[in-house]
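Q: I would like to learn how to read a helix, a pocket and a cavity from a model. Please go through them one at a time.

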Amino acid sequence: MTADDLILQTITPTTHNLGDFRVHRSLPVKGRTMVGPFIFFDQAGPAKIGAGHGVDVRPHPHINLATVTYMYEGAFLHRDSLGTEQLIEAGAVNLMTAGKGIVHSERSPQEDRIKESKLSAIQTWLALPDRYEEMDPAFEHVGEGGMPVIDDGHVRARVIMGSLWGETSPVTTYAQTIYADIQLSPGGRIAIDPSADERAIYVSGGDAMLDGLMLIPQTLYVLRPGTSATLMSVDGGRVVLCGGEAFTSPRHVWWNFVSSRPDRLMQAREDWEAMRFPLIPGDDQEFIPIPQGRPKTVSYP
């Protein structure tokens with residue numbers, strides 16, 4: 001099987017230097033913005049943050065999507081306008097469903113600011129199906145031990161969302177979704193399930209091959225629908241598998257907002273400018289201002 005038989009599209013992320021760490025953004029990009037419900041895909045770090053410093057993502061709004069934060073190393077303190085205050089650490093996942101509107105912040109916990117700390121995470125957004133876009137906002141946290149793990153001594157794969165390899169994660173899904181953290185030891189191998197409508201794999205560290213095709217780190221590979229393949233590593237690597245059902249209706253994106261309706265993005269913009277979104281208890285003194293200029297929405301099928 002050739003590379004063209006396996007790979008539908010290869011995406012090199014854009015890299016943003018945020019001072020203490022870098023973010024590699026694979027989705028959205030021109031020509032491909034969704035893989036299943038995934039409409040945003042970031043790798044944050046890995047990075048070392050010096051003593052006296054920390055990450056401060058100030059309060060900002062979302063609508064009509066769900067954010068998923070999965071930690072490799074380090075910790076974030078999540079706060080939101082529901083009153084949630086949740087520390088997320090390595091191996092845990094936060095699912096925040098914005099629905100009709102939510103505001104949240106993510107900051108380094110105080111105990112990490114007084115010493116050198118590490119930060120490494122995968123942050124994604126999931127578009128919500130039409131019927132769930134305006135649902136009440138919600139938040140859930142599942143710790144490291146709460147998700148199923150497949151471990152044969154050479155591969156350790158955690159099922160973050162959906163059903164894979166005969167195991168099902170307890171994390172809520174709104175559309176059919178697959179999401180897994182795969183850690184390959186030298187010589188380890190694992191089959192990639194062909195059943196999801198759309199799938200992608202991302203090498204976040206180390207080395208990996210797909211049916212003998214060497215994969216480039218920090219690159220998102222969109223797989224051809226229906227193809228079976230085996231993932232393996234020579235020296236050891238870490239890979240994200242994500243995807244799910246293909247959306248039949250387009251999504252419009254602007255800033256932190258995703259919706260099936262362009263006018264809804266405009267309403268969210270006006271609501272944030274007028275501070276009509278709810279505030280975050282305990283973190284209501286700062287906020288990220290709306291970008292200047294009239295929104296130019298981009299539609300993605």
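The dialogue below takes an annotated domain, a helix, a pocket and the cavities in turn.

A: This is a predicted model, in which local features need pLDDT of at least 70 and side-chain atom pairs count only at pLDDT 80 or more, while totals for chains, interfaces and linings use all residues. Residues are numbered from 1 along each chain as its sequence is written, and side-chain values use heavy atoms, with hydrogens and water left out.

Q: Which residues does the "Pirin C-terminal" annotation cover?

A: UniProt positions are given in the numbering used here, feature names are shortened, and annotations may be inferred rather than shown by experiment. The unreviewed UniProt entry places this domain at residues 179–277. Over residues 179–277 the chain is 48% strand and 12% helix. Helices (H or I, at least four residues) and strands (E, at least two) are DSSP runs, numbered from the N terminus.

Q: How many residues does helix α3 have, and what should they span?

A: The expected span is 1.5 Å times one less than the number of residues. Helix α3 (residues 262–273) has 12 residues and should span 16 Å; its end C-alpha atoms are 17 Å apart, which agrees. Just after α3, methionine 275 has a positive phi of about 55 degrees.

Q: Which residues of α3 are buried?

A: Buried means under 20% relative accessible area, with a 1.4 Å probe and protein chains only. In α3 the buried residues are Arg264, Leu265, Met266, Ala268, Arg269, Asp271 and Trp272. Their cover includes β5 (56–62), β10 (102–107), β25 (251–254) and β26 (257–259).

Q: What lines the largest pocket?

A: On a 1 Å grid over the protein atoms alone, a pocket is an open set of points with protein on both sides within 12 Å along at least five of seven lines; a cavity is a set where a 1.4 Å probe fits but cannot get out; lining residues have an atom within 4 Å of a point. The largest pocket holds about 810 Å³, where a volume is the space filled by probe spheres set on the points. Its lining has 30 residues, and Arg25, Phe40, Asp42, Trp125 and Asn256 lie nearest the centre. Strand β5 gives the most to this lining, five residues.

Q: How many cavities are there of 30 Å³ or more?

A: The count is three. The largest cavity has a volume of about 40 Å³. Among the residues lining the largest cavity are Ile49, Phe76, Asp112 and Lys118. Strand β11 supplies the largest share of that lining, three residues.

Note on methods: Buried < 20%, exposed > 50% of the residue type's maximum accessible area, 1.4 Å probe, protein only. Contact = heavy atoms within 4.5 Å.
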